[in-house]
Amino acid sequence: MKKIKLLAALALASAAFAVSAQNIATVNGKPIPKSLQDEWVAQLVANGGKDTPEARRQITENLVANALVEQEAAKRKISDDPKVKFALDYAKFRILQEALLRDEMAKHPVSEKEIKARYEEEKAALGNKEYEISHILVKDQKTAEDIEKKLAVGGNFAALAKEFSVDTGAKESCGDLGWNRPAVFVKPFADAVKNMKKGEISKAPVKTEFGWHIIKVNDVKEVPFPTYDSVKDQIREGLELKKQQNFLNELMKTNKIEYGK
């Protein structure tokens, strides 16, 4: 009988030791499992750190401190504070959103084909030339045509820009817009520039959403387009952001949403 009791006691002690071995610490009776420490170590290694005894000791100390803060906050009912509740809810939302989008991207990654297609689109849109441009912007067609007549008889473009242009940003620099690829401008303006040569002034005023422009191309230069390898990561990031936004928009469309009045 004594032998049976001894074996039972040893079994209980062995089980207790096994449970204890699975924990790296206990804070006021609440165990901190070794598995949690392992997760933190894995994150450390993923970020370029090393799994060392010192690193594990520091992680254990941090987890103990976290447990103490959590317990003390619970005693003081800190989580009942509306501001704290909001912060916790917001942090939860951001974590879930980021995890959901990562999962969506893992299921529908941006392909090399998509990246190359976007590269070719941007290359075609931006072209291989930059133009040094000046312009005079006015509000109505008649004023624009009057200025063009002045230019046709030898009027000074810079002086007329300073006198008449309503583009306050470029007016002080006599209409100078600097060096740009046409694609940075609105389409009617860009289309006009692409068909002009060095020293040429637009043959007729160009209408855009901003008003009427008289355009002068001061100079033109060839500019090599960036290589595919140098920009593919940037293009991938842009396509991923677009896919993520499309995914969120689709969620809005395909789920039942009722707004309060």
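**Around Glu-200**

I started with Glu-200 and listed what it touches: Asn-195, Ile-215, Lys-216 and Val-217, leaving aside residues up to four places away in sequence. I kept in mind that this is a predicted model. Glu-200 sits in the loop between helix H9 (187–194) and strand E5 (206–208). Buried or exposed? Its relative accessible area is 19%, so I wrote it down as buried, the cut-off being under 20%.

**The four-stranded sheet**

Next I traced the sheet. It is open, has 4 strands in the order E4-E3-E6-E5, and the pairing is antiparallel. Which strands stand at the edges? They are E4 (176–180) and E5; each has a single partner strand, so one side of each has no neighbour in the sheet. On average, neighbouring strands here are turned by 40° against each other, direction ignored.

I then zoomed in on one pair. Strand E3 (residues 129–138) runs antiparallel to E4, and 4 bridges pair them. I picked out Tyr-131, and its bridge partner in E4 is Asn-180. A reminder to myself: side chains in a regular strand alternate between the two faces of the sheet.

Which helices lie across these strands? Helix H6 (residues 141–152) lies across E3 and strand E6 (211–222), at about 45° to E6. H9 lies across E3, E4, E5 and E6, and it runs at about 155° to E5.

**H5 against H10**

Two packed helices are described by the angle between their axes and the distance between the axes, so I looked up both. Helix H5 (residues 112–126) packs on helix H10 (residues 228–254) at about 105°, and the axes are 9 Å apart. That makes H5 roughly perpendicular to H10. From H5, the contact residues are Glu-112, Glu-114, Ile-115, Lys-116, Arg-118, Tyr-119 and Glu-122. H10 brings Tyr-228, Val-231, Lys-232, Ile-235, Arg-236, Leu-239, Lys-242 and Lys-243. How many of the contact residues are charged? I have 9 charged, 6 nonpolar and no polar.

I moved on to the hairpin. Strand E1 (residues 23–27) and strand E2 (residues 30–33) run antiparallel and are joined by 4 bridges. Ala-25 stands opposite Ile-32 in E2. There are 2 residues between the strands, and Asn-28 has a positive phi near 50°.

Asn-28 came up again when I looked at Gln-71, which touches Val-27, Asn-28 and Lys-30, not counting residues up to four places away in sequence. Gln-71 lies in helix H3 (residues 53–75). I noted Gln-71 as buried because its relative accessibility is 18%, under the 20% limit.

**Asp-38**

Last stop: Asp-38, in helix H2 (residues 34–46). At 30% relative accessible area, Asp-38 goes down as partly exposed. What does its side chain reach? I found a polar contact of 3.0 Å with the side chain of Arg-56. For a sense of distance I also checked Asp-38 against Thr-208: they are 170 residues apart in sequence and 61 Å apart in space, C-alpha to C-alpha.

Technical notes: Residues are numbered from 1 along each chain as its sequence is written. This is a predicted model: local features need pLDDT of at least 70, side-chain atom pairs count only at pLDDT 80 or more; totals for chains, interfaces and linings use all residues. Side-chain values use heavy atoms; hydrogens and water are left out. Buried means under 20% relative accessible area, exposed over 50%, partly exposed in between (1.4 Å probe, protein chains only). Contact means heavy atoms within 4.5 Å. Axes are lines fitted to C-alpha atoms, for helices over the stretch in contact, and angles run from 0 to 180 degrees between N-to-C directions. Angles under 35 degrees count as roughly parallel, over 145 as roughly antiparallel, 65 to 115 as roughly perpendicular and the rest as oblique. Ala, Val, Leu, Ile, Met, Phe, Trp, Tyr, Cys and Pro count as nonpolar, Asp, Glu, Lys and Arg as charged, and the others, Gly among them, as polar. Two strands pair if DSSP finds at least two bridges between them. A polar contact is a pair of N or O atoms within 3.5 Å; within protein, one must be able to donate a hydrogen and the other to accept it, and residues adjacent in sequence count only if both atoms are side-chain atoms.
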